[in-house]
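Please look over the sequence and the model before reading on.

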Amino acid sequence: SSPVGWIASKLLHARVFYHEHDTPDVPKTNFTRMLHWTRKELSQSAELCIFPQRERAQLFLSRFSDSKLAVCFNMPLKSSVRLCSSGEGDRPFYLWYHGSLLEERLPIEVVQALKYLPDHVILKFAGYETLSSKGFIDRLLQYSHTCGVRDRVEYCGVLETRDSLFQLAQTCHLGLSLFRRTFVEPMVGASNKPFDYLACGMPLLINDTPEWTQFFGPWGVAKSCNPESPESIASAIRGLIENPEEYQQMRNRAVQKISSDWNYESQFAPIKKILEA
């Protein structure tokens, strides 16, 4: 998109807002070097450069100091909020993940953690493999068989609409927002998943790293763990199962926070004012 924006701003004198959702890869070919050059040029001519994550915005500004920046987290609309009955009793406790399916974002240790948890704890996941993660679904399911928990791992496929995704998600209990330690790009704000989970009434299981605990910890909507330790993952989940009152409070806080300010209407409002002006 940066060549289009650069041409529009330079040749057509259009007022351009550049909204960068994903950080581009390091240039390795003449074509990608050209893309990076237009990104650099656009950074100076764009009316506003918008980022979904504060550290990414700061890095961009350190490279292109003349840019005008705004941060807009990738959060759901208020209308996405859904909170169904908590389902007291012996109902299965569902762990939930949706999104791109690769081990950096759905650590295989989650499957191993099921061995340390009661039989009614079940992992459900939905989404798609990326070009770099072909075969991941089969590997994860095969690993669940090796661990003796194959009947407690369910792949729900690729959901056709966001509504159907949310309808399934809201029947689950804990949203997995875990990243391997080697995954170094800042993700809080950029990742839709944790806020989608909260909108569906699910507390979060997050990395025990400052990036995640400092953002979500003060609001009482998440438990943290070491994403590469099955024992740590299981311990955090067990703590929620054994404290249903605390769990219910976390669910209520989750939807309240999405309704009040962790929503796209609130995030985009300052940018919308500039656009409308």
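## Basis of the model

The model is predicted; local features need pLDDT of at least 70, side-chain atom pairs count only at pLDDT 80 or more, and totals for chains, interfaces and linings use all residues. Residues are numbered from 1 along each chain as its sequence is written, and side-chain values use heavy atoms, with hydrogens and water left out.

Helices (DSSP runs of H or I, at least four residues) and strands (DSSP runs of E, at least two) are numbered from the N terminus.

## The largest pocket

The search for pockets uses a 1 Å grid over the protein atoms alone and a 1.4 Å probe. A pocket is an open set of points with protein on both sides within 12 Å along at least five of seven lines, and a lining residue has an atom within 4 Å of a point. Grid points are joined across faces, edges and corners, and a volume is the space filled by probe spheres set on the points.

The largest pocket has a volume of about 1,100 Å³. Its lining consists of 46 residues, and D22, R56, R105, M187 and A190 are the closest to its centre. At least two lining residues come from each of α2 (30-45), α3 (54-63), β4 (93-101), β5 (121-129), α6 (162-169) and α7 (193-199). Helix α3 gives the most, with 5 residues. By class, this lining holds 20 nonpolar, 13 polar and 13 charged residues. Here Ala, Val, Leu, Ile, Met, Phe, Trp, Tyr, Cys and Pro count as nonpolar, Asp, Glu, Lys and Arg as charged, and the others, Gly among them, as polar.

## The second largest pocket

The second largest pocket has a volume of about 290 Å³. It is lined by 14 residues, and P24, D25, T32, L35 and H36 lie nearest its centre. The elements that supply two or more residues to this lining are α1 (2-10), β1 (17-19) and α2. Helix α2 gives the most, with 4 residues. The lining comprises 5 nonpolar, 5 polar and 4 charged residues.

A residue is called buried under 20% relative accessible area, exposed over 50%, and partly exposed in between (1.4 Å probe, protein chains only). In α3, the buried residues are R56, A57 and F60. Seen down the axis of α3, they fall within an arc of 100°, so they line one face of the helix; the arc is that of the directions from the helix axis to the C-beta atoms. The face turned away from this buried side carries the exposed residues Q58 and S62.

Helix α9 (residues 230-241) has 12 residues and reaches 16 Å from its first C-alpha to its last, close to the 16 Å expected at 1.5 Å a residue. The expected span is 1.5 Å times one less than the number of residues. P230, I233, A234, A236, I237 and L240 are the buried residues of α9. Seen down the axis of α9, these residues fall within an arc of 160°, so they also line one face of the helix.

## Salt bridges

Side chains of opposite charge can pair when their charged atoms come close. A salt bridge is counted when a side-chain nitrogen of Lys or Arg is within 4 Å of a carboxyl oxygen of Asp or Glu, and the count comes to 13 salt bridges.

R180 forms a salt bridge with E228, with the closest N and O atoms 3.5 Å apart. This pair links distant parts of the chain, 48 residues apart: R180 is in the loop between β7 (174-177) and α7, and E228 is in the loop between β9 (222-225) and α9. R180 is buried at 14% relative accessibility, whereas E228 is partly exposed at 32%. Both residues belong to a network of salt bridges that links E103, E109, R180 and E228.

K257 and D261 form a salt bridge, their closest N and O atoms being 3.1 Å apart. K257 is buried at 10% relative accessibility, and D261 is partly exposed at 29%.

## Two residues in loops

L106 lies in the loop between β4 and α4 (109-113). L106 is buried, with a relative accessible area of 1%.

H13 is found in the loop between α1 and β1. At 67% relative accessibility, H13 is exposed. Most residues other than glycine have a negative phi. H13 has a positive phi of about 55° although it is not a glycine.
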